[in-house]
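Please take a moment with the sequence and the model before reading on.

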Amino acid sequence: MRIILHLLFFLLLTYWHFSCQNQQAQENDDQRSKHKVTVMGENNYIPSYLELHREGTLEQRGKVLWERMRVCDLCPRDCDSRRLEGQRGDCNASSQLMIASYGPHFGEEPELTGSKGSGTIFFTHCNLKCVFCINADISQKGHGRKYSVDNLAQIMLELQENGQHNINLVTPSHYIAHIILAIDKAAAQGLRIPIVYNTCGWEKPEVLRYLDGIVDVYLTDFKYGCSQQAGKYSPGAWDYVEMARKAHLEMHRQVGSVQVNQETGRMERGLMIRHLVMPNNVACTEEVMNWIGENLPKDTYVNIMSQYMPVFRASLYSEINRRITREEYRKAVDAAKQAGLTNIKTQP
Ligand code: SF4
């Protein structure tokens, strides 16, 4: 009888032990699937870079671009700086990644910011060097801190965990190799939200091709429609118009026109163009609008911006040393309409 009682007690103990383990396993599973929901991105959005990560293409592309920093030709300045040896290029960047700040940003277009903000990463330095840059402390005076590629991957994951709707890479061109390698590492750890490439538009199309399938949204600033002005106010960028045109064609080839998620109202893929209206028509707005109207679909997203401020070195140029007038802004919007554009965003 005593043996039977011991046996029963043992069986009960074993059952309780396994039942507790199963419960714990179930709880762990629940947590994992919750995490999975988080990392799948909103509405189970599957970004295109995931496939490239799985097949090893992201790492390959990142390494190829990294090598190009040996004698750097990553942007139209083609300055041949030996960045891997510590030299700084015309953009002022060496191969040391520098970031000024990151976090949720609500100043972008509403389709990108949603309710929790765009996960914006402001990279230090810039290749265009506009004399009227509103972020000159970051772009030209070098404000920022050093980070590794691993750090950048963790930043992306942190922004996703915080609920930001996308990773918004501001002024990314000179760090394109670091960025692709970081996306590869972050994708391995669950990054699933769209990538926004936020650029001044002065890009080499053949370098942009390395971003095919990685970037979901191109957010560009089509700054000038005339070469003379480009070279003057973005010193040395004489080929801005030619390069920006080719770059916009390539970006559109990759992502097409904007696609807004009907459920969330947020942008998940496509080309979004900004154009900053400048005093005395320095940006050659009509030329920009006409080119878009003639070379891209008429429903291309075009945000005509009115917030030009005469900051940084703008006071050295009397023609841009003021804000724009209402009349100048109205003419810019009229030019977009005359060009047949139908998806124009305007500002008060
Ligand atoms: S990215 Fe910088 S270093 Fe490379 S070519 Fe352009 S300006 Fe020169």
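This is a predicted model: local features need pLDDT of at least 70, side-chain atom pairs count only at pLDDT 80 or more; totals for chains, interfaces and linings use all residues.

Helices, as the word is used here, are DSSP runs of H or I at least four residues in length, numbered from the N terminus. Helix α10 itself has 16 residues and reaches 22 Å from its first C-alpha to its last, which is close to the 22 Å expected at 1.5 Å a residue.

Which residues of α10 are buried? They are Y240, V241, A244, A247, H248, M251, Q254 and V255. Seen down the axis of α10, these buried residues fall within an arc of 145°, so they line one face of the helix. An α-helix has 3.6 residues a turn, so residues three or four places apart point the same way. Among the elements that cover the buried residues of α10 are α8 (205–208), β6 (217–221), α9 (227–233) and β8.

Strand β8, which covers residues 267–276, leads on to the strands that follow, for it pairs in the parallel sense with strand β9 (residues 301–305) over 5 bridges, and within this pairing H275 has I304 of β9 as its bridge partner. Together with helix α11 (residues 285–295), β8 and β9 make a right-handed β-α-β unit.

Strand β9 is in turn joined by 3 bridges to strand β10 (residues 343–345), and these two strands run parallel; here V302 has I344 of β10 as its bridge partner. Between β9 and β10 the chain crosses through helix α12 (residues 326–338), and this β-α-β crossover is right-handed.

Definitions and conventions:
Residues are numbered from 1 along each chain as its sequence is written. Two strands pair if DSSP finds at least two bridges between them. A crossover is right-handed if, with the strands pointing away from the viewer, the path from the first strand over the helix to the second runs clockwise. The expected span of a helix is 1.5 Å times one less than its number of residues. A residue is buried if 20 or more other C-beta atoms lie within 10 Å of its own, exposed if 12 or fewer, and partly exposed in between; C-beta atoms are placed from the backbone. The arc is that of the directions from the helix axis to the C-beta atoms. Two residues are in contact if their C-beta atoms, placed from the backbone, lie within 7 Å.
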